[in-house]
Amino acid sequence: MTDSQRWFFLICAVIVGALIYLLQPILTPFLAAALLAYLADPVTDRLERYGLSRTMSVVVVFLVMSTLVLMVLLFLLPKLGHQIQVMIKLVPAVIGMIETRLIPWLQSTFGVSLADLDWQSVRLLLTGHWQQTGNLVKDLFSGIGQSGLALAGWLANLVLIPVVMFYLLRDWDLMMVRIGHLLPRNVEPRVKLWALECDEVLGAFIKGQLLVMFALGIIYAVGLWFIGLELALLVGILAGLASIVPYMGFIIGIIAAAVAAMLQFNDITVLAWVGLVFAIGQALEGMVLTPLLVGDKIGLHPVAVIFAIMAGGQLFGFVGILIALPVAAVIMVLLRHLHEGYKGSKLYAMESVEQDGPS
């Protein structure tokens, strides 16, 4: 790569970053549609190999995804809203259990004194916040209904995502080929290699880890439902989402399920069943889900995932959250190649010679 080409790519990167920053209020539906198209492209390619045309393959994938989303909206959200209301009613009981059981245990075991803490204020604060959470959807639609412009913008974004996704998915392979043809000929093989490595990283995380999260959420929710926990769906979804970081979903889920089970059944033996559900979930994750859905591909480190999402949200808001993982994957691949280049450079070799010289 020549110096002029390096400057060209650097200027292009700066321009793209500036455009993302300036256009972030309107980019959300386009980025969400691009992410969905990226996730659906492998399935569409497989349908093509079975003999369907590209357009028909896209239609099939589009109809399946639309049906799944509609089922979630019709069946999942009402039940989830009901469980949120149940959880709101349990907040005072949770605080009471902390006051009467956990605090005395901490004081007797570790000598920790929390007598000065105003638990009444904590109870009022948490109850107020959970009430706001329970009324969030109602407030959202109320605010939208008061503004015709806001309603129009919300509906436009809602309709725009599937429309843009359809056209992006239909022309995805063609766009990739055209982008490759635009690259300088001496750079194209290396950029293609980097793009494949970035796709491997993203595939290991987005196409793999997110499926693992979804599967774990279902496993935890169904298992807790079998033991009769009222908040099974809510705890299952919470544990599944937290599984974006390994073991975090297990820790958060088992604590939340244990507290909810104790408040509902008031029987310590139910904790054994809760532990069994999460033990089965962890066993399935380690022996079936991760090997099957993620495999031995190189994924993003959990710390890198957390930092990328937080940094993207801080810099570009929700748009930054959408592009955080692709950018992190690109940076990871570039750093790996930079490390390999450094290991093969004279600078690294000179350091090795200097260390071996005195001996």
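Reply: The salt-bridge count comes to six. The model is predicted, and every value here is computed from it.

Start with Asp41 and Arg54. These two form a salt bridge, and their closest N and O atoms are 2.9 Å apart. The pair links distant parts of the chain: Asp41 sits in helix α1, while Arg54 sits in helix α2 (residues 54-110), 13 residues apart. Asp41 and Arg54 are both buried. For Arg54 the relative accessible area is 13%, so Arg54 falls under the 20% cut-off for buried.

Arg54 has another partner. Its side chain meets that of Asp173 in a salt bridge, at 3.2 Å from N to O. This pair also joins distant parts of the chain, with Asp173 in helix α6 and Arg54 in helix α2, 119 residues apart. Asp173 has a relative accessible area of 31%, so Asp173 counts as partly exposed. Arg54, by contrast, is buried.

These contacts belong to a network. Asp41, Asp45, Glu48, Arg54 and Asp173 are linked in it by salt bridges. The general point is simple: side chains of opposite charge can pair when their charged atoms come close.

Now take Glu197 and Arg336. Their side chains meet in a salt bridge of 3.0 Å, N to O. Glu197 is buried because its relative accessible area is 15%, under the 20% cut-off. Arg336 has a relative accessibility of 23%, so Arg336 counts as partly exposed.

Four helices each supply at least two lining residues: α1, α6 (172-182), α7 (188-226) and α11 (302-343). The largest share comes from α1, with 16 residues. By class, the lining holds 37 nonpolar, three polar and seven charged residues.

Leu39 counts as partly exposed because its relative accessibility is 30%, between the 20% and 50% cut-offs. The C-alpha atoms of Leu39 and Ile206 are separated by 7.9 Å, although the two residues are 167 apart along the chain.

Ile26 is also placed in α1, which spans residues 3-49. Ile26 is exposed, because its relative accessible area of 52% is over the 50% cut-off.

Helix α8 (residues 232-242) is mostly covered, with eight of its eleven residues buried. Among the buried residues of α8 are Leu233, Leu234 and Val235. Gly236 and Gly240 are buried as well.

Key
Residues numbered from 1 in each chain as written. Predicted model: local features only at pLDDT ≥ 70, side-chain atom pairs only at ≥ 80, totals over all residues. Heavy atoms only, no water. Buried < 20%, exposed > 50% of the residue type's maximum accessible area, 1.4 Å probe, protein only. Nonpolar A, V, L, I, M, F, W, Y, C, P; charged D, E, K, R; others polar. Salt bridge = Lys/Arg side-chain N within 4 Å of Asp/Glu carboxyl O.
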